[in-house]
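Hello,

Here is the model I promised to pass on to you.

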Amino acid sequence: MNLADSESLARRLLAAGYVEDTLERADVAVLNTCVVRQASEDRVYSKLHELKHWKTADRTIAVTGCIVAKEGDVLRRRFPHLDAVVPIGDYEGFIAGLEARNDYSLGEPLPAAGRTGVSHYVRVIQGCDHNCTFCIVPRVRGREKHLTMQAVLAECREAVADGAKEVVLLGQNVDDYRDPDSGGGLAALVMEVQRIPGLKRLRFLTSHPQDLEPELLEVMASSNVVCRELQLPVQSGDDTVLKRMARGYQTRHYRSIIGNARRLMPDLGLVTDVIVGFPGESEAAYMNTRALVEEIEFDVVHIAMYSPRPGTFAADRMPDDVPHEEKLRRLNDLLALSKEIAARKTSRWIGRVVEVLVEGRDELNRPYGRIRQGKRAIVIRGNGVGPGDIVNVHVVQATAGQLLGTRIPTNSEPAA
């Protein structure tokens, strides 16, 4: 979501005549912020302190993102060198207030008015109507606001026309999407977007177990465009902890969703989020989470130690009673387990042929991208392959984090 916000602001700045450059050469520096955890918020303050030495009378420093809703104009008082505090999405006024620094009347060409690359992010929902006790998102991004299906389709078509090969539909809880005009849900939206001519891949994130439509899984399974990757945060494998989190489901519901998804798509890539050390999480509760991770065998597990966020129910009403050392132990234990599972699962791809959407080149100048199940893949013998190309790759090696394989030439190409 933050990346989508950054892209939106960057496109507007480019259209207004600005170009991207290094910080040393730049006239404007914008920090797009996240406050989902205290560590994220602390990094914002650290960066603002660093920028104090960069700031001059001719340079502009602006802050946008979730910290604006949380702290507001307090930021200006705390950091006097900060020029602008920009609410999420309220970019036009900020851009209008910037002084023009390039005289295009001299014939200097305008930069391109867009940033569309291989993948294009489309925010279909802003905010969240859930009230998870640990989460600050509803406070800083507000309640849900849904784009119309026609507006989403128009942006997707424009992105594809500008060269995007993949579209990613975004929402704090994307499964809760409802078209304000027709009432159609995410399954209906995905069905329409996948039909756009020229679109090669379609993804969506992040899902919520309470709101995922069974029809969405059926659309995924029947489509050659929709990626077979599901990002479905479980947060805990213990029902008592889930209740304290106010997640709205139990582990049996989660297991049922995964079972149905894998029945339809046996090769499904599955990503989840887990919080360890939530208030009241006993050793037995943690072991339930560990057992769930081991049972389901996620491809990727994003693990975080619980971080109290002021203004949330958990921070205000629940004692942070799991010691930091114990949180860290559980974090490292679960990281080791998930890495072992990921290595075991990726090894199953060795010998198979996969389709890779190329995103760029790595430090060894090898093309890399992702397969339809979301796994990163590096392409050997990728001469002539560039971003946006889709190539078939024979997997010869796998690690916990990625696949490596040789490109299979098309019938019109000579073998390498």
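Predicted model: local features only at pLDDT ≥ 70, side-chain atom pairs only at ≥ 80, totals over all residues.

Residues are numbered from 1 along each chain as its sequence is written, and side-chain values use heavy atoms, with hydrogens and water left out.

Let me start with the helices. Helices (H or I, at least four residues) and strands (E, at least two) are DSSP runs, numbered from the N terminus. Axes are lines fitted to C-alpha atoms, for helices over the stretch in contact, and angles run from 0 to 180 degrees between N-to-C directions.

Helix α8 (residues 186–193) packs on helix α9 (residues 214–222) at about 20°, and their axes are 8 Å apart. The two are therefore roughly parallel (angles under 35 degrees). Their crossing is left-handed, that is, the near helix is turned anticlockwise from the far one by less than a right angle, with clockwise being right-handed. L186, A187, V190 and M191 of α8 make the contact with E215, L216 and V219 of α9, where contact means heavy atoms within 4.5 Å. By class there are 6 nonpolar, no polar and 1 charged residues in this contact. Here Ala, Val, Leu, Ile, Met, Phe, Trp, Tyr, Cys and Pro count as nonpolar, Asp, Glu, Lys and Arg as charged, and the others, Gly among them, as polar.

Next comes α12 (residues 283–296), which packs with α14 (residues 324–347) at about 15°, their axes 10 Å apart. These helices are therefore also roughly parallel, and α12 passes α14 in a right-handed crossing. From α12, the residues E283, Y286, T289, R290, V293 and E294 meet E326, R329, R330, D333, L334, L337 and I341 of α14. That contact has 5 nonpolar, 1 polar and 7 charged residues.

Helix α12 also meets α11: their axes come within 12 Å and cross at roughly 10°, which makes α11 roughly parallel to α12. Y254, R255, I258 and R262 of α11 touch L292, E295 and I296 of α12, giving 4 nonpolar, no polar and 3 charged residues.

A cavity is a set of points, on a 1 Å grid over the protein atoms alone, where a 1.4 Å probe fits but cannot get out, and lining residues have an atom within 4 Å of a point. Grid points are joined across faces, edges and corners, and a volume is the space filled by probe spheres set on the points. The largest cavity holds about 40 Å³. Its lining consists of E166, R201, R203, C227, E229, L357, E359, R370, I371 and G374, with β8 (201–205) and β12 (353–361) each giving two or more residues. By class, that lining has 3 nonpolar, 1 polar and 6 charged residues.

Finally, the backbone. Most residues other than glycine have a negative phi, and most peptide bonds are trans. L205 and T206 are joined by a cis peptide bond, with omega about 0°; T206 is in the loop between β8 and α9. A246 has a positive phi, near 60°, and lies in the loop between α10 (239–245) and α11 (251–264).

Best wishes

Definitions and conventions
Parallel < 35°, antiparallel > 145°, perpendicular 65-115°, else oblique. 1 Å grid on protein atoms, 1.4 Å probe; cavity = no way out; pocket = protein on both sides within 12 Å on 5 of 7 lines; lining within 4 Å.
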